[in-house]
Amino acid sequence: MIQTYGLAVDEIPRILMIPYDSDGSIRINVLFLILGGLDVAVQYTIIIYCGLRMHIVMTREFARCSIPNKKLQKQFFRALIVQTVVPTILFVFPALFVLFCPLLDMEMHFQTGWIYAALSLYPPIDSLAFMILISEYRRVTKELLKLIFPDKPRQVANGSATLAKTG
């Protein structure tokens, strides 16, 4: 880049998003963004419709279910909602911000590496959501954590106690 164009790579933007041509007409990449936005809107419309439909059917079916089954179904429903909201916050909102700034004539003068960090947070947050929201998973997780990080000394087979690690 420095030899051909006389530009240092560390001084220019890596992703160029130029929404308009020199004559003022909309470029193809803007149409791609618009179609992508419509695609996301259709997906979220389907998610909302199916979620509401599922809620209505579950409410109707709860009259015939046992109390533990109702409780479990409500927990799974909440977990599904979290599994929809978390990717929206971690993926869609940052992407919208970065992709639509040029359309709004906003310049970004900051590093965008945080977006990659946000993307990498999804798998653990998804797993944690299930471990926290579903009571059976929460119980097993607490038991495992007690085995890994015991509060009190444990008794060994010969009767002597072992000290729990601190710090």
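Biologist: What does the accessible surface of the protein come to, and what share belongs to carbon and sulfur atoms?

Modeller: Accessible areas come from the Shrake-Rupley method with a 1.4 Å probe, and for residues only the protein chains shown count as cover. Here the accessible surface is about 13400 Å², and 67% of that belongs to carbon and sulfur atoms. Please keep in mind that this is a predicted model, where local features need pLDDT of at least 70, side-chain atom pairs count only at pLDDT 80 or more, and totals for chains, interfaces and linings use all residues. Residues are numbered from 1 along each chain as its sequence is written, and side-chain values use heavy atoms, with hydrogens and water left out.

Biologist: How many helices and strands are there in the protein?

Modeller: Helices (H or I, at least four residues) and strands (E, at least two) are DSSP runs, numbered from the N terminus. This protein has four helices and two strands, and along the sequence they follow the pattern α-α-α-α-β-β.

Biologist: What percentage of the residues count as buried?

Modeller: Buried means under 20% relative accessible area, exposed means over 50%, and partly exposed is in between (1.4 Å probe, protein chains only). Of the 167 residues, 14% count as buried.

Biologist: Now to contacts. Which residues does Val98 touch, not counting residues up to four places away in sequence?

Modeller: Contact means heavy atoms within 4.5 Å. Val98, in helix α2 (residues 67-100), touches Met108 and Ile115 once those sequence neighbours are set aside. Val98 and Ile115 are 17 residues apart in sequence, and their C-alpha atoms are 9.3 Å apart in space. For the protein as a whole, take the contacts between residues at least 6 apart in sequence: 46% of them join residues at least 24 apart.

Biologist: How many salt bridges does the count come to?

Modeller: Side chains of opposite charge can pair when their charged atoms come close. The rule asks for a side-chain nitrogen of Lys or Arg within 4 Å of a carboxyl oxygen of Asp or Glu, and by it the count is three. One of them joins Glu61 and Arg64, at 3.1 Å from N to O. Glu61 counts as partly exposed because its relative accessibility is 31%, while Arg64, at 64%, counts as exposed.

Biologist: Which residues are linked in a network of salt bridges?

Modeller: Glu136, Arg139 and Glu143 are. Arg139 pairs with Glu136, their closest N and O atoms being 2.3 Å apart, and Arg139 also meets Glu143 at 2.6 Å, N to O. Along helix α4, Arg139 and Glu136 are three residues apart, about one turn; Glu143 and Arg139 are four residues apart in that helix, again about one turn. Arg139 is partly exposed because its relative accessible area is 39%.

Biologist: Which residues gather in a patch of positive charge on the surface?

Modeller: Patches are made of residues with over 30% relative accessible area and no salt bridge, with like charges joined within 9 Å and nonpolar side chains (Val, Leu, Ile, Met, Phe, Trp, Tyr) within 5 Å. Lys and Arg count as positive and Asp and Glu as negative, leaving out His and the chain ends. The place of a charge is NZ of Lys, CZ of Arg, CG of Asp or CD of Glu. Here Lys71, Arg138, Lys142 and Lys146 form the positive patch. Its largest share, three residues, comes from helix α4 (residues 135-148).

Biologist: And which residues make the nonpolar surface patch?

Modeller: Val140, Leu144, Leu145, Leu147, Ile148 and Phe149 make that patch, of about 600 Å². Leu145 lies in helix α4 and counts as partly exposed because its relative accessibility is 44%.
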